[in-house]
Amino acid sequence: MSVTSLPLKPGRAREGKALQKGQQTKAAIVDAALGLATQIGLEGLSIGALAEVTQMSKSGVFAHFGSREELQISVVREYHRRFEDEVFYPAMSETRGLPRLRAMFANWMKRTSVELDSGCIYISGAVEFDDRPGPVRDALAWSVQTWHSAMKRAITLAKQQGHLQSDVDEEQMLFEIHGLILALHYEARFLKNPGSIARANAGFENILQRYGASPAAAARSPRTTRPAKTAKES
């Protein structure tokens with residue numbers, strides 16, 4: 001009999017079940033907190049409000065986080081995890097270069113179109129914590145910077161594949177693409193202007209057209225037809 005097949009002692013089994021239940025309870029609390037945060041912002045989160053929503057005691061909620069700040073950070077991390085699952089990882093099955101960059105933007109737009117009703121933690125959080133140094137701001141900034149690094153990498157790969165001009169400034173192109181998402185939230189969510197999603201998509205196509213390589217250069221460029229197996233680039 002292997003070590004891994006040995007039965008757990010009753011005490012350890014109970015401890016394992018308690019730990020698993022505790023993790024499940026914490027995940028449920030974070031899920032509820034994320035739902036609240038999209039409506040009232042990270043600053044609106046409180047142990048008391050969350051206890052009321054989850055029908056738990058304040059002490060029960062507090063025991064899983066220890067502080068309101070840690071609760072806010074947990075929400076930021078969960079939001080980032082879901083963002084990656086919906087936007088980043090699905091795009092990794094696309095061919096390196098322009099196909100992958102297009103997929104990343106399309107996924108970003110798909111999520112954004114939903115968040116026009118529910119709200120975006122990255123954007124609302126930036127408004128709340130832009131001038132407030134601390135762990136919550138750091139967690140927000142890290143999440144956004146991580147996503148920007150992935151987008152910048154996709155732009156670099158598109159250059160290497162000859163899909164974009166060789167002298168493209170990746171930072172400038174990323175800035176313009178991000179600007180489309182920010183403008184979309186302002187135009188559609190705040191001003192309620194119709195057609196904003198179509199304008200954002202048209203703006204992305206305009207960016208690609210301005211930065212795209214000539215047909216002749218694209219024909220001479222190397223191609224990568226095998227999709228990446230993991231999210232990390234070599």
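The side chains of E43 and R132 form a salt bridge, with N and O 3.0 Å apart; the term denotes a side-chain nitrogen of Lys or Arg within 4 Å of a carboxyl oxygen of Asp or Glu. E43 sits in the loop between α1 (10-40) and α2 (47-54) and R132 in the loop between α6 (121-129) and α7, so the bridge ties together parts that are 89 residues apart in sequence. The model is predicted: local features need pLDDT of at least 70 and side-chain atom pairs count only at pLDDT 80 or more, while totals for chains, interfaces and linings use all residues. Residues are numbered from 1 along each chain as its sequence is written, and side-chain values use heavy atoms, with hydrogens and water left out.

**Salt bridges**

- Side chains of opposite charge can pair when their charged atoms come close.
- By the rule stated above, the count comes to 13 salt bridges.
- E43 is partly exposed, at 29% relative accessible area, and R132 is partly exposed at 35%; buried means under 20%, exposed over 50% and partly exposed in between (1.4 Å probe, protein chains only).
- D85 pairs with R81, their closest N and O atoms being 3.0 Å apart.
- Both D85 and R81 belong to helix α4 (residues 68-91), where four residues, about one turn of the helix, separate them; helices are DSSP runs (H or I, at least four residues), numbered from the N terminus.
- D85 has a relative accessible area of 39% and R81 one of 40%, and each counts as partly exposed.
- K152 forms a salt bridge with E171, with 2.8 Å between the closest N and O atoms.
- Since K152 lies in helix α7 and E171 in helix α8, this pair ties together parts that are 19 residues apart in sequence.
- K152 is partly exposed at 31% relative accessibility, as is E171 at 44%.
- Salt bridges with shared partners join D31, E78, R81, R82 and D85 into one network.

- The rings of W108 and W147 have centres 5.3 Å apart and planes at 85°, so they are edge-to-face.
- This pair links distant parts of the chain, with W108 in helix α5 (residues 98-118) and W147 in helix α7 (residues 135-160), 39 residues apart.
- W108 and W147 are both buried.
- One aromatic cluster is formed by Y79, F83, W108, Y122 and W147.
- R111 lies over the face of Y79, 4.7 Å from the ring centre; this requires NZ of Lys or CZ of Arg within 6 Å of the ring centre and within 35 degrees of the ring normal.
- After α5 comes G119, whose phi is positive, near 100°.

**Helix α8, inside and out**

- M173 is located in helix α8 and is buried, with a relative accessible area of 0%.
- The C-alpha atoms of M173 and I155 are 8.0 Å apart, and the two residues are 18 apart in sequence.
- F190 is also in helix α8 (residues 170-190), but it counts as exposed at 56% relative accessibility.

Notes:
Helix = DSSP H or I, 4+ residues; strand = E, 2+ residues; numbered from the N terminus. Phe/Tyr/Trp six-rings, centres within 6.5 Å; stacked < 30°, edge-to-face > 60°.
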